[in-house]
Amino acid sequence: MAPEYYRSAVRPSAAKQAVRKLGRLRRSGNGRLESLGHDFDRGHREYVERLPEGERLWLSTKPFSAPPSFELATCLRTFAHIVDHLKLGLRAQVLDVGCGPGWMSEYLARCGYWVTGVDISEDMVEIARSRVAAIPGQVGEGVEPMAEFHAMPVREMPWTDRFDAAVLYDTMHHFDDELETLRVILRTLVPGGTIYIREGARPAPGSESEQALINEMRKHDTLESPFDPRYLLDVVREAGFVDVRRLLEVDELVPVDDFRQPFTAFGRFFRYRAGRGEINTVIADKALGLEVPSDDANFSARLEPQGPWDTTSEPGKALLWLIVTNTGRAFWPSAQGFPLPPGVVTVAPYTLGPTGERLELARAMLPHGISPGASVHVLIRTDAEAIAGRDVRIDLVREGLAWFSELGSEPLVVPKG
């Protein structure tokens, strides 16, 4: 069970009201398209073996195809959005929920993340394993592709406080209990971890698009049940996520001499705001757990320099690699850029001024959150002139709350640059 400070702060009565509201939306048909009452878990498990050979090949190659299809451009744009918005460092742990044949997992592994794919279908998982195994060699200097796959129902995932991010790409509409599924995913995320959902929106009742989904369920015995945009936002919040936001994809090439384009874009924006968009893109976070006391028992560190300052690799810069080890009892959330949320942990080098005051240098970000006992490599990069002839002290900061040295940890002193 997650610690008390990770749970939703909603009062029990309000929580029950919210659950009843979600239930009413489901029953009224305003939340998502209902199933046909069939055994869709079995349909998902047997999906691959029922496909003709050509379609099984597509599972092994998608989104790439010959000739290229519309899905290739859509996927590559969306995959780039995911990496851009997650802003994770090397070897960050990413959960690919409902990974299917591993097209997203392969992409994430090529980005240097440690990927864990979960799918109910053993056949899908085997295809995903084969795709990542077929990556030819390293994806970066000294960086092997790293991925693991598990065939299991998503709600049976065993992990707690493990993943820096969870990605649900075109998969959430296959899950029958969306609230409990999201609660399980929340448990698997580290404090400050992010969920990224990209889904088709529920089509209008009685429309051709709705009938196409019904026909798909009849043909494959799968669950094809997308969400009303407002309902999806409500259920993500009710699951306990914070900072829930809905995003609109607008990237495309347009003629610069077509003056209708700005109005077309505005029209799409307002349709999306009104809940009539065709795509649901939702990003949300797990709370950082700011209630964890800022004390030496929870937040302490060991810093080990890997050699002296390097002032030759980058003109005008001084570089220093550190091994940073979490010797406390609390998880360290990370951030990848400013503004820094309160509670994240950063590496903070500084020199001393004439009266002993801190002259802070540029913060260094952890590549990902760090569990107790774990270590990461962190690169300090600063102006060589700023440290010339000066000792540099390196501390950690729980942003907005405390410097680790104030809690009892000794800062690392690196001799004059």
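Residues are numbered from 1 along each chain as its sequence is written, and side-chain values use heavy atoms, with hydrogens and water left out. Because the model is predicted, local features need pLDDT of at least 70 and side-chain atom pairs count only at pLDDT 80 or more, while totals for chains, interfaces and linings use all residues.

A cavity is a set of points where a 1.4 Å probe fits but cannot get out. A pocket is an open set with protein on both sides within 12 Å along at least five of seven lines. Lining residues have an atom within 4 Å of a point. Grid points are joined across faces, edges and corners, and a volume is the space filled by probe spheres set on the points.

Go to the second largest pocket. It holds about 730 Å³ of space. Its lining counts 32 residues, and those nearest its centre are Gly 192, Thr 194, Asp 285, Ser 334 and Pro 341. Two or more lining residues come from each of helix H5 (70-86), strand S4 (163-169), strand S5 (189-200), strand S6 (242-246) and strand S7 (279-285). Such helices (H or I, at least four residues) and strands (E, at least two) are DSSP runs, numbered from the N terminus. S5 gives the most to this lining, with 5 residues. What classes make up the lining of the second largest pocket? There are 18 nonpolar, 8 polar and 6 charged residues. Here Ala, Val, Leu, Ile, Met, Phe, Trp, Tyr, Cys and Pro count as nonpolar, Asp, Glu, Lys and Arg as charged, and the others, Gly among them, as polar.

The whole structure has 1 cavity of 30 Å³ or more. The largest cavity holds about 70 Å³. Of its 12 lining residues, Leu 288, Gly 289, Val 292, Phe 331 and Arg 398 lie nearest the centre. The lining has 9 nonpolar, 2 polar and 1 charged residues.

Next comes an open sheet of 3 strands. Its order is S8-S9-S13, with antiparallel pairing. Strands pair if DSSP finds at least two bridges between them. Strand S8 (301-305) and strand S13 (375-383) stand at the edges; each has a single partner strand, so one side of each is left without a neighbour in the sheet. S8 pairs with strand S9 (residues 317-326) over 5 bridges, in the antiparallel sense. Find Pro 305: it stands opposite Leu 322 in S9.

Several loops hold backbone details. The peptide bond from Lys 62 to Pro 63 is cis, with omega near 10°. Pro 63 sits in the loop between helix H4 (53-61) and H5. Asp 170 has a positive phi, near 55°, and is not a glycine. Asp 170 is in the loop between S4 and helix H8 (178-188). Asp 221 also has a positive phi, near 60°. The loop that holds Asp 221 runs between helix H9 (208-220) and helix H10 (229-238).

Asp 170 is partly exposed, at 36%. Asp 221 is partly exposed too, at 27%.

Finish with the cysteines. Cys 75 has 0% relative accessibility, so it counts as buried. Cys 111, at 32%, counts as partly exposed. A disulfide is a pair of cysteine sulfur atoms within 2.5 Å. By this rule there are 0 disulfides.

Methods. Buried < 20%, exposed > 50% of the residue type's maximum accessible area, 1.4 Å probe, protein only.
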